[in-house]
Amino acid sequence: MDNNSNIVNEAQNKQKNKKSAVPIYAIGVVWLIWGVLFRFNFWSVIAVSALSLIVYIILDSLIVSFEKKKKAKQEIKVSYRDDSADKLILEGRGTINLIRQTNLNIKNSVVKHKVTHLCMVSNNIFDYIAKKPSSAPGLHKFISYYMPNFKKLTETYAVMEKQSAAGENITGSMREIEDMLDNMKIAFEKQLDALFEETALDISSDIVVMQQLMAQQGLTDEGQIN
């Protein structure tokens, strides 16, 4: 097991240290062109050798510089993606915890159930982001807009519910919040379902291939694909 790991690590290190062959090819081109344009003699060989050395140094420096910049950009990109995802998850789950605390003070069992369900769906969305950080950029609006408004509606409902004298403004606003929670349930569930679109396509493709393979091998009823 250790020997295999050492072999893999050695191969990876060799790949990292492997230099580009472009400068070598360039030297070959220089000699070829020189041979077409000039006759080879002692001084011409020295001249073309010096020119080849200059070409090699310049190209090698350019390639090394390019690869360093490319690697730096990749590292920055990966770091930004991971940091962005972690920040969104932390912010979103913090909001969920505050909503759950507020929900403890709500007496209306129907509304309490709606809020609990929305928190569960929201938490599932953040679980998905944690497993697949690349999905984070597409959820900025959900986290930065919908989640704070969900929190605001819950807090407002809890405050209005405590009022001893509930007039038209309070009761009307509470009904609007209850209706909005129903709309948010639909929207949040659609958001969660949309995250699994790629997974669903992959599964469908795998199933089709498996069905075809089983049919070809006569492992299904009369070789038919369901």
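Okay, let's start with Gly92, which counts as buried because its relative accessibility is 0%. Buried here means under 20% relative accessible area, exposed means over 50%, and partly exposed is in between, with a 1.4 Å probe and protein chains only. Before going on, the ground rules: this is a predicted model, so local features need pLDDT of at least 70 and side-chain atom pairs count only at pLDDT 80 or more, while totals for chains, interfaces and linings use all residues. Residues are numbered from 1 along each chain as its sequence is written, and side-chain values use heavy atoms, with hydrogens and water left out.

Back to Gly92. This glycine is found in helix α3. Gly92 and Ser122 are 30 residues apart in sequence, yet their C-alpha atoms are 8.2 Å apart in space.

Now the overall layout. The protein chain has seven helices and zero strands, and along the sequence the pattern reads α-α-α-α-α-α-α. Helices are DSSP runs of H or I with at least four residues, strands are runs of E with at least two, and both are numbered from the N terminus. As for burial, 24% of the 226 residues of the protein chain count as buried.

Next, some packing. How do α4 and α6 pack? Helix α4, residues 109-131, and helix α6, residues 168-195, sit at an angle of about 20 degrees with their axes 10 Å apart. The axes are lines fitted to C-alpha atoms, for helices over the stretch in contact, and angles run from 0 to 180 degrees between N-to-C directions. So α4 and α6 are roughly parallel to each other. For angles, under 35 degrees is roughly parallel, over 145 roughly antiparallel, 65 to 115 roughly perpendicular, and the rest oblique. The crossing of α4 past α6 is left-handed, meaning the near helix is turned anticlockwise from the far one by less than a right angle; clockwise would be right-handed.

On to the charges. How many salt bridges does the structure hold? There are four, a salt bridge being a side-chain nitrogen of Lys or Arg within 4 Å of a carboxyl oxygen of Asp or Glu. I'll go through some of them.

Take Asp182 and Lys114, whose side chains meet in a salt bridge at 3.0 Å, N to O. This pair links distant parts of the chain, with Asp182 in α6 and Lys114 in α4, 68 residues apart. Asp182 is partly exposed, with a relative accessible area of 33%, whereas Lys114 is buried at 18%.

Then there's Asp127 with Arg93, a salt bridge whose closest N and O atoms are 2.3 Å apart. Asp127 counts as partly exposed at 31%, and so does Arg93 at 29%.

Lys151 and Glu155 also form a salt bridge, with closest N and O atoms 3.0 Å apart. They are four residues apart in helix α5, residues 140-161, so about one helical turn separates them.

Last stop, the surface. Val29, Leu32, Ile33, Val36, Leu37 and Phe38 make a nonpolar surface patch of about 620 Å². Patches take residues with over 30% relative accessible area and no salt bridge, joining like charges within 9 Å and nonpolar side chains (Val, Leu, Ile, Met, Phe, Trp, Tyr) within 5 Å. Accessible areas come from Shrake-Rupley with a 1.4 Å probe, and for residues only the protein chains shown count as cover. Leu37 is found in helix α2, residues 22-37, and counts as exposed because its relative accessibility is 59%.
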